[in-house]
Structures are given as C-alpha cells and as structure tokens.
Amino acid sequence: MQFTQIFAASIGLIATFLPTAVVENISYYPVFGAGAMYLSSITGNILNMKLPAVVSGQKIAEVEPGTERGDVIAIISVGVSSLVTITILILGNFVVGEALAPILSHPVLKPGFDNITPALLGAITIPQLIKVKKLAITPIILAVGAFLLIGPDNFGSVQSYVLISVMVVSVGVAYLLYKRSSLNRKFRSM
C-alpha cells in the first residue's frame, strides 16, 4: 500500500482528530498545569477521568487553577485517578471479569450492550440541548438536514466533513448570538 492511499483513507480521521488534539491540550493546560498535563497525557482519558478529578481536587483543596498550589493538587489528582483506574481495571479483568463473563454474554442482555453508546451519548447530550436551546438548535438542524439530504447510505462516508462543517457554522452562529446579546445589553444600559 502506498503512502498516498494511506493518506487518502485517513484524511477524514485527520480532519476530525487533529484539531481536537490541539485544542484539548491548549484548553486543559490552564487547569492542569505542566506536570498534570504531562501525566494525564501519558495515562489517557483526560476528559472523562482526569479533568473531573482535577476540578474536584482543586475545589476540595480550595485552590485556584493556574496557581502553584493548584498545579500540585492537579498532579496529585491525576496520579490518584490513574492509580484508581489501574486498580479497577485489574479487579475487573482478573477478579470480577471471569465471574461476570457468562452473565454479560447472555442473549437476553445483548440488545442492551449493543446500544450502550447511543444511550450514553443521549444521556450526555439531551441535558445540554435543554440547557442552551438557542445554541443547540443550529447544529441539530444542520446535522439532521445533512443526514436527510445525503441519505443514510452515503452519510457514513462523509460524516467527518459534515461534523467539521456543522461545528464551524455553529460557532459562527453562537458568535453572532453573543454579539447580538451584547449589543442589546449595551443599548439597554444607555
């Protein structure tokens, strides 16, 4: 297989994950600091495991992110989170996993496990959509419209491009809504 074929096959993934990787590292750094950012990059699952641990640790210790004390608490929080994750994985794989494997592979439970990802995404997304309806309507309309226009058969091959397009347009609409609301506040204060 030639490099051009590999690059052509992976361009959708690169277009999706490269900006995400850059933005995540830049946006997490003020909360984590250098040490915790390094440690969390090595151990992984920053958004779901390390960031909540750091934020909770800093709140409990009553320190501000970006300070020396905040950085120390962030390092400790990421370290403890990593140790807890390793412990749970070891227990789950070697102790509990053997006993649960026959139960979890039962045909009655298979439909539930086949739909875990949509259920989790729905549980995470719906509260956010309800909380900020004005911002949520644009990406919903654009994504559903693109799906209906392109069709379910072809949507999988272009979904990364649709995702990036919807993100760019949604940020633009959010910026316009922000500008409009700040202008309204400015005129009301006159």
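Tutor: In this predicted model, the axes of helix 1 (residues 3-43) and helix 3 (68-104) come within 7 Å and cross at roughly 15°. Angles under 35 degrees count as roughly parallel, and helix 1 and helix 3 are therefore roughly parallel to each other. The crossing in which helix 1 passes helix 3 is right-handed. On the side of helix 1, the contact is made by Val-31, Phe-32, Gly-33, Gly-35, Ala-36, Leu-39, Ser-40 and Thr-43. Helix 3 contributes Asp-71, Ala-74, Ile-75, Val-78, Gly-79 and Ser-82. By class, the residues of this contact between helix 1 and helix 3 divide into seven nonpolar, six polar and one charged.

Helix 1 also packs against helix 2 (residues 46-61), where the two axes come within 11 Å and cross at roughly 135°. An angle of that value makes helix 1 oblique to helix 2. The crossing of helix 1 past helix 2 is right-handed. From helix 1, the residues that meet helix 2 are Tyr-28, Val-31, Phe-32, Met-37, Ser-40, Ser-41 and Thr-43. Their counterparts in helix 2 are Ile-46, Leu-47, Lys-50, Leu-51, Val-54, Val-55 and Gln-58. The contact of helix 1 with helix 2 comprises nine nonpolar, four polar and one charged residues.

Ser-40 belongs to helix 1 and is listed both in the contact with helix 2 and in the contact with helix 3. Its relative accessibility is 0%, and Ser-40 therefore counts as buried, the cut-off for that class being under 20%. Beyond residues up to four places away in sequence, Ser-40 touches Phe-32, Ile-46, Lys-50 and Val-78. As for Lys-50, ten residues separate it from Ser-40 in sequence, while the two C-alpha atoms lie 6.6 Å apart in space.

When neighbours within four places in sequence are left aside, Gln-58 is in contact with Val-31, Val-63, Pro-65, Gly-70, Ile-73 and Ala-74. Among these partners, Val-31 is named in the contact of helix 1 with helix 2 and again in that of helix 1 with helix 3.

Asn-45 is found in the loop between helix 1 and helix 2. Phi of Asn-45 is near 55°, a positive value in a residue other than glycine. At 42% relative accessibility, Asn-45 counts as partly exposed. Glu-62 has its place in the loop between helix 2 and helix 3. For Glu-62, phi is likewise positive in a residue other than glycine, near 55°. The relative accessibility of Glu-62 is 73%, so Glu-62 counts as exposed, the threshold for that class being over 50%.

Helix 5 (residues 116-131) and helix 6 (residues 133-150) pack at an angle of about 120°, and their axes are 6 Å apart. That angle makes helix 5 oblique to helix 6. In this contact, Leu-129, Ile-130 and Lys-131 of helix 5 meet Lys-133, Ala-136 and Ile-140 of helix 6. By class, four nonpolar, no polar and two charged residues take part in the contact of helix 5 with helix 6.

The length and exposure of helix 5 can also be checked. At 1.5 Å a residue, the 16 residues of helix 5 should span 22 Å, and the end C-alpha atoms are 23 Å apart, which agrees. Of those 16 residues, the number buried is zero, so helix 5 lies largely in the open.

Key:
Residues numbered from 1 in each chain as written. Predicted model: local features only at pLDDT ≥ 70, side-chain atom pairs only at ≥ 80, totals over all residues. Heavy atoms only, no water. Axes fitted to C-alpha atoms, helices over the stretch in contact; angles between N-to-C directions. Helix = DSSP H or I, 4+ residues; strand = E, 2+ residues; numbered from the N terminus. Parallel < 35°, antiparallel > 145°, perpendicular 65-115°, else oblique. Contact = heavy atoms within 4.5 Å. Nonpolar A, V, L, I, M, F, W, Y, C, P; charged D, E, K, R; others polar. Expected span 1.5 Å × (residues − 1). Buried < 20%, exposed > 50% of the residue type's maximum accessible area, 1.4 Å probe, protein only. Left-handed = near helix turned anticlockwise from the far one by under 90°.
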